[in-house]
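Please look through the structure below.

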Amino acid sequence: MQDEQKTKSQLISELQALRQEAARLESSLYECKQAEEALQKDHKASEMEQRESKKQLTTLLNAITGIAGLADKDGTILAANNALAKSLGRKKDELIDHSMFEFVASEAAEKRKASLQKIVTSKKPLLWEDCRAGRYFKTSAYPIFDDNGNVKQVAWFAEEITERKKIENKLLQRENYLSALNRAKSVLLSSESENAYQQFIDILGPASNASRTYIFINHTNAKGEALMSQKAEYCAEVIKPEIDNPDLQNLSYNSFEKMNKILSSGNNYSGIVNNFPQDEKEFLEVQGIKAILMIPIISENDFIGFIGFDNCVSEREWDSVEQEFLQAAAHDLAVFIERNRSKKQLKTEHIRFQTAMDAMDAIVYVADMQTYKLIFSNKIFKNLFGNKIGEKCYFVMQKGQTKPCNFCTNHLLLDKNGNPKEPYVWEFQNTITKQWYQLRDQAIYWPDGKLVRIEIGTDITDRKKAEQALKKSERKFRGLFTGMSAGVVFCKAVYDENGNMTDSILKDMNPVYEKLANLKKETAIGRKVSEMLRGIGLEWFSTFDEVLKTGNSASFEMYHENSKKYYSIFAYYSEKDEFVAIFDDITIQKKAILALKESKNRFKALSEATYESILISDKGICIEANQAASKMFGYSYNELIGIFGTDVIAGESKELVKKNMLAGYEKPYDAIAQRKDGSKFNVEILGRMFEYKGKNVRITAVKDITERKVTELKLQKYAKTQETLTREVNHRVKNNLSAIISMLHKEQDRAEAQELSSLPVLDALEKRIRCLASVHSLLSESRWRPIKLDELCKLIISGALYNLPLSWNANLNVNASTVRVNSGQAHHLALVLNELATNTIKHALANRETVQINVDIKQRKNDVRICFCDDGPGYPQEMTDGDFINSGVGFELIQGIVRHSLSGNVRIENDNGAKTVISIQSAVFSRQSSVGSRQSTAYSSSTATVDCGLKTADC
């Protein structure tokens with residue numbers, strides 16, 4: 001009976017359990033139905049959101065100026081912008097849901113499929129360049145991932161770079177020509193035999209892209225008849241040589257009257273053979289020539305031969321730029337020929353050599369290779385080291401050197417037989433001047449038959465500084481104008497209420513202008529001219545105002561009372577309210593013109609030392625001229641004496657020049673000059689009335705400004721290109737950093753959901769990248785100029801404290817400082833400050849909700865010190881005792897950056913909280929004088945590389 005009761009109780013208990021389970025299942029069923037209904041609502045909302053997202057995507061793609069599109073991983077086009085549709089010659093509706101491979105040729109389609117598969121497989125972006133129908137494109141493609149991290153779509157963007165490719169090809173062609181000219185000139189300098197003709201032509205032929213290149217030298221027969229003979233020849237592959245053709249030896253010019261007339265006048269003879277006179281055409285066609293270029297070899301106005309270039313493949317001619325390079329080669333060959341023909345005039349040539357070396361903007365000296373004694377030096381050498389002829393070169397030129405230098409190059413200048421080799425080019429920093437030089441050493445035979453070393457040293461200090469600075473920073477336009485001999489400054493006009501220009505703001509300047517104006521670019525940019533340059537009155541701005549209002553360039557001269565110097569200024573319109581001014585210091589020329597009053601001999605000495613043409617005229621008739629005038633206009637000295645001044649002026653400028661001469665106009669102005677051979681070129685003319693030999697005469701200085709005109713156009717184009725590239729790079733860097741941060745957010749969410757141990761690492765990494773992005777934005781806004789260190793500290797530390805809970809309170813105090821840091825140092829310091837702020841959040845706020853952070857920046861004599869303090873519990877005892885093994889990755893990162901990237905040191909201690917002191921030595925910073933001072937003091941280590949480093953305006 002008891003067993004039966006027990007069984008019944010069990011059944012009742014089980015029945016109750018079943019009823020409870022049934023109730024739970026009914027409740028679960030009800031919850032499932034509700035979840036299903038909610039899911040359906042979410043699905044409808046998701047579909048609406050996707051349609052809206054697609055509409056936004058289409059709008060975004062159409063806003064991109066380049067080609068852009070979106071496809072799934074199989075290549076089906078999901079979205080396309082107008083530029084993509086236009087490039088394919090289709091409507092956008094005809095592209096959507098179609099394979100992207102349908103609209104390109106089969107070969108291109110295979111390449112696109114391979115690229116798409118590579119992106120899907122590697123899950124990485126892909127960048128490539130290709131050429132389509134003669135147009136070059138740069139394409140970048142980026143993967144888009146689903147929630148599982150797999151590639152579901154690919155976005156691609158393309159931009160046309162055809163013009164950039166053309167510019168690169170032109171620059172490459174120019175480099176090939178320059179390289180060939182330098183090597184050809186080296187051959188001519190190191191040889192005195194006619195074998196140099198063949199070596200010369202073997203270098204020049206390939207560079208000119210000619211089928212056949214050759215040299216003909218003129219001579220006469222017993223009857224005095226002008227003849228020509230081929231001396232050397234270069235032939236491209238599959239082109240038949242003509243060097244052994246007897247018809248090309250002792251060839252009379254009588255059969256080539258037109259060619260002789262053109263070449264002997266100093267002009268090039270060129271064209272398509274099919275258009276030549278019948279007799280010349282028949283002669284050239286036998287040799288398979290379709291187009292030809294002949295450049296005369298002129299020596300002292302004598303036609304002594306020519307260099308020929310044949311095109312036997314097509315009728316392509318050589319353009320004007322190529323002809324200029326080849327004319328330079330012809331000139332070098334003429335110099336070589338004249339040198340070999342003029343050994344009897346060694347004394348005269350030595351004087352010319354001295355004059356040429358003195359005129360060079362380089363150090364030149366000659367030393368005996370056995371005794372090391374100096375036997376020649378030019379003017380610049382004497383100005384630096386004194387007239388030390390007869391003394392040992394190493395004793396004169398090196399500090400504390402009492403024996404031959406261990407870096408002497410004498411052993412590199414001779415071959416194994418003791419004969420001179422090609423020039424040896426190297427770079428060296430002189431121990432006395434502390435300047436860097438590019439040195440060109442070569443062994444030559446001196447007139448007395450001794451083997452000597454000639455060394456030409458070009459000052460490349462500015463270039464070296466620019467190269468070293470470019471490795472450490474991204475400063476805009478660094479070294480843009482370092483190659484120019486004139487000072488260049490970019491300015492923005494400042495107007496008064498009546499629209500008249502009263503001042504200008506300095507926007508950019510080259511090193512030469514810094515030297516001319518005695519300014520420092522770092523302190524001058526963004527300041528008004530009137531604030532930086534004393535003695536600049538409204539008369540300086542009137543011409544600039546006229547340039548901006550008319551858009552016409554202007555040349556004028558001004559005298560600066562404070563510096564006691566004259567300047568020749570050329571100004572031209574840059575863009576709205578902005579102009580460019582090119583300054584030449586013409587004080588020397590001015591003084592030379594004034595000195596002409598004393599005597600004709602002094603005039604000759606001064607005028608022959610300048611590259612400018614100087615003419616003295618009495619009532620319009622030339623009574624005196626310098627050698628530069630004879631060379632510039634192609635007239636001999638005797639031909640210039642007695643001609644009218646306007647005879648060397650082109651027809652379109654004669655009236656202007658005549659008018660200025662009659663009016664006694666005494667300001668520089670531009671005109672078109674004309675040489676004896678009829679060729680024209682741009683000049684700047686400056687005339688003055690002076691008393692000369694007891695009567696009033698007009699002294700006129702003429703400067704060839706052709707190269708300056710070309711340089712101005714190139715600089716304008718280059719500056720615009722650099723500005724566009726800089727903007728694009730900044731934009732892309734910001735986008736890439738944002739994309740990286742977004743990906744880290746996704747990884748953090750995944751790590752948090754899966755409770756992975758990598759979450760703290762991802763969080764620290766995301767903060768560091770966000771820190772670098774903040775620094776990049778700050779530098780971009782400052783146009784990559786040095787930024788204030790106190791502003792950097794506020795930005796980075798405030799960013800690290802931004803995500804603190806609302807209940808927590810962090811007070812930050814950064815003392816004001818004028819210390820500045822460049823872009824590279826800003827990034828390193830930002831990472832250090834971020835780590836210090838992160839440590840404060842982690843430890844100082846561990847058991848409380850308020851923290852005080854103080855940052856003190858001090859400029860001291862030998863270093864800059866940054867002190868970071870918080871009022872937390874301080875560092876553990878083992879860390880203050882020097883044990884950093886368990887200090888954490890953060891402090892190891894701080895130590896590594898400060899020591900290895902900033903050449904500094906870190907010290908930690910406890911002083912009412914944690915205290916970190918960072919010191920950066922004087923080898924990596926320079927201290928500038930306060931605003932308004934015209935002098936600056938730079939601190940640098942003799943072993944440190946040249947760098948702007950940390951900067952401050954504190955004394």
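Axes are lines fitted to C-alpha atoms, for helices over the stretch in contact, and angles run from 0 to 180 degrees between N-to-C directions. Helices (H or I, at least four residues) and strands (E, at least two) are DSSP runs, numbered from the N terminus. The model is predicted, with local features requiring pLDDT of at least 70 and side-chain atom pairs counting only at pLDDT 80 or more, while totals for chains, interfaces and linings use all residues. Residues are numbered from 1 along each chain as its sequence is written, and side-chain values use heavy atoms, with hydrogens and water left out.

Two packed helices are described by the angle between their axes and the distance between the axes. For helix 5 (residues 195–207) and helix 8 (residues 320–341), the angle is about 170° and the axes are 12 Å apart. The two helices are therefore roughly antiparallel, a label given to angles over 145 degrees, where under 35 is roughly parallel, 65 to 115 roughly perpendicular and the rest oblique. Helix 5 contributes Ala196, Tyr197, Phe200 and Leu204 to the contact, and helix 8 contributes Leu326, Ala329, Leu333, Phe336 and Ile337; contact means heavy atoms within 4.5 Å. By class, this contact of helix 5 with helix 8 has 9 nonpolar residues, no polar and no charged ones. Here Ala, Val, Leu, Ile, Met, Phe, Trp, Tyr, Cys and Pro count as nonpolar, Asp, Glu, Lys and Arg as charged, and the others, Gly among them, as polar.

Side chains of opposite charge can pair when their charged atoms come close. A salt bridge is a side-chain nitrogen of Lys or Arg within 4 Å of a carboxyl oxygen of Asp or Glu, and the structure holds 27 of them.

One of these pairs Lys680 with Glu652, with 3.2 Å between the closest N and O atoms. Because Lys680 lies in strand 25 (residues 680–692) and Glu652 in helix 21 (residues 651–663), the pair ties together parts that are 28 residues apart in sequence. Lys680 is partly exposed at 46% relative accessibility, and Glu652 is exposed at 52%; buried means under 20% relative accessible area, exposed over 50%, and partly exposed in between (1.4 Å probe, protein chains only).

Glu909 and Lys915 meet at 3.5 Å, N to O. Glu909 is partly exposed at 24%, whereas Lys915 is buried at 16%. Elsewhere, salt bridges that share partners join Asp584, Glu612, Glu684, Lys703 and Arg708 into one network.
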